[in-house]
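Biologist: Can you walk me through this one? I have the structure open and would like a quick tour.

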Amino acid sequence: MVTLLRGTLRPLRLFQALPGPAADVPLRAASQGTGLLYPEHIPTSLLQKVLLTAGSAGMALYNPYRHDMVAVLGETTGCRALRVLRDQMKRDSEGAQILQSCLLPCRERPRISLSTLDLDKLQSLPEGSLGREYLRFLDVNRVSPDTRAPTRFVDDEELAYVIQRYREVHDMLHTLLGMPTNILGEIVVKWFEAVQTGLPMCILGALFGPIRLSAQHLQVLVSELVPWAVQNGRRAPCVLNLYYERRWEQPLKALREELGITDPPMHIKA
């Protein structure tokens, strides 16, 4: 499994016309005098943000798999929600450690990528542990944590990290909720994220994602899966407060119980 991940999972470079990001580049403040708040930052005016919002929203609704456009939409519309999430992290002891880790000597804020994950260690963990189940999710669904677009258009270094962290724990939420990466599973996760984060792009994804579902899947989504996702999203504490990198050995079942996440009402096949 580890060899397969190393050999087949490759970073997806988004916005290829712009300088491409390295997955292991720490998200931290840029040098003074450069005009950039962090390495990938692209300063934009209010008008530019409006145009980016309109364009990315249209493309994201037309093709939900344009993750680059979904990412831009999240950055240009999520400032208020990101402040709320940042404040929730600061009030939580574990969340505050995630935000403040870069203030410690020789430390960077935690990032989840192939370059930061110890795949051999995750593979050696006991069956049912968070780390082992997360690695299994990546392998079964043939996805990579390196496909997350870098933050570019958020004009606040700390908030830029919050939305980057949200993107990088997205697959962790799939693991926690037991959801595959097919369209039905993605919509369920988006409903959970919409309740948890209040990010406009999550709300739009939750509302408009079902348009492409079959009548049968739509009925199951509305009658069973959406109520389950909303209930669990409301009951669980903020999932951005979890220092996942320090919880790899924790049994997934125990973590679900800690968060109040119940089993889904039905099994969704990938």
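This is a predicted model: local features need pLDDT of at least 70, side-chain atom pairs count only at pLDDT 80 or more; totals for chains, interfaces and linings use all residues.

Biologist: Where does Arg165 lie?

Modeller: Arg165 is part of helix 8.

Biologist: Is Arg165 buried or exposed?

Modeller: Arg165 counts as buried, because its relative accessibility is 1% and the cut-off for buried is under 20%.

Biologist: Next, Ala160. Which helix is that in?

Modeller: Ala160 sits in helix 8, which covers residues 157–168. Ala160 is buried too, with a relative accessible area of 0%.

Biologist: And how far is Ala160 from Cys79?

Modeller: In sequence, they are 81 residues apart. In space, the distance is 9.4 Å, C-alpha to C-alpha.

Biologist: What about Arg142? Where is that?

Modeller: Arg142 is in the loop between helix 7 (130–141) and helix 8. Arg142 is exposed, at 52% relative accessible area.

Biologist: What is its phi?

Modeller: Arg142 has a positive phi of about 55°, although it is not a glycine. Most residues other than glycine have a negative phi.

Biologist: New topic: helix 2. How many residues does it have?

Modeller: Helix 2 has 17 residues, 46–62. From first C-alpha to last, helix 2 reaches 24 Å, close to the 24 Å expected at 1.5 Å a residue.

Biologist: Which residues of helix 2 are buried?

Modeller: Lys49, Ser56, Ala57 and Ala60 are the buried residues of helix 2. They cover an arc of only 105° around the axis, so they lie on the same side of helix 2.

Biologist: What do those buried residues pack against?

Modeller: The buried residues of helix 2 pack against helix 3, residues 67–77.

Biologist: And which exposed residues are on the face turned away from the buried side?

Modeller: That face of helix 2 carries the exposed residues Leu47, Leu51, Ala54 and Tyr62.

Biologist: Last one, the nonpolar surface patch. Which residues make it?

Modeller: The patch is made by Leu61, Ile203, Leu204, Leu207, Phe208 and Ile211. Its area is about 540 Å².

Biologist: Which helix gives the largest share?

Modeller: Helix 11, residues 200–208, gives the largest share, with four residues. Leu204 lies in helix 11.

Biologist: How accessible is Leu204?

Modeller: Leu204 is partly exposed, with a relative accessible area of 31%. Patch residues need over 30%, so Leu204 can count at 31%.

How values were computed:
Residues are numbered from 1 along each chain as its sequence is written. Side-chain values use heavy atoms; hydrogens and water are left out. Patches are made of residues with over 30% relative accessible area and no salt bridge: like charges are joined within 9 Å, nonpolar side chains (Val, Leu, Ile, Met, Phe, Trp, Tyr) within 5 Å. Accessible areas come from the Shrake-Rupley method with a 1.4 Å probe; for residues, only the protein chains shown count as cover. A salt bridge is a side-chain nitrogen of Lys or Arg within 4 Å of a carboxyl oxygen of Asp or Glu. Helices (H or I, at least four residues) and strands (E, at least two) are DSSP runs, numbered from the N terminus. Buried means under 20% relative accessible area, exposed over 50%, partly exposed in between (1.4 Å probe, protein chains only). The expected span of a helix is 1.5 Å times one less than its number of residues. The arc is that of the directions from the helix axis to the C-beta atoms. Contact means heavy atoms within 4.5 Å.
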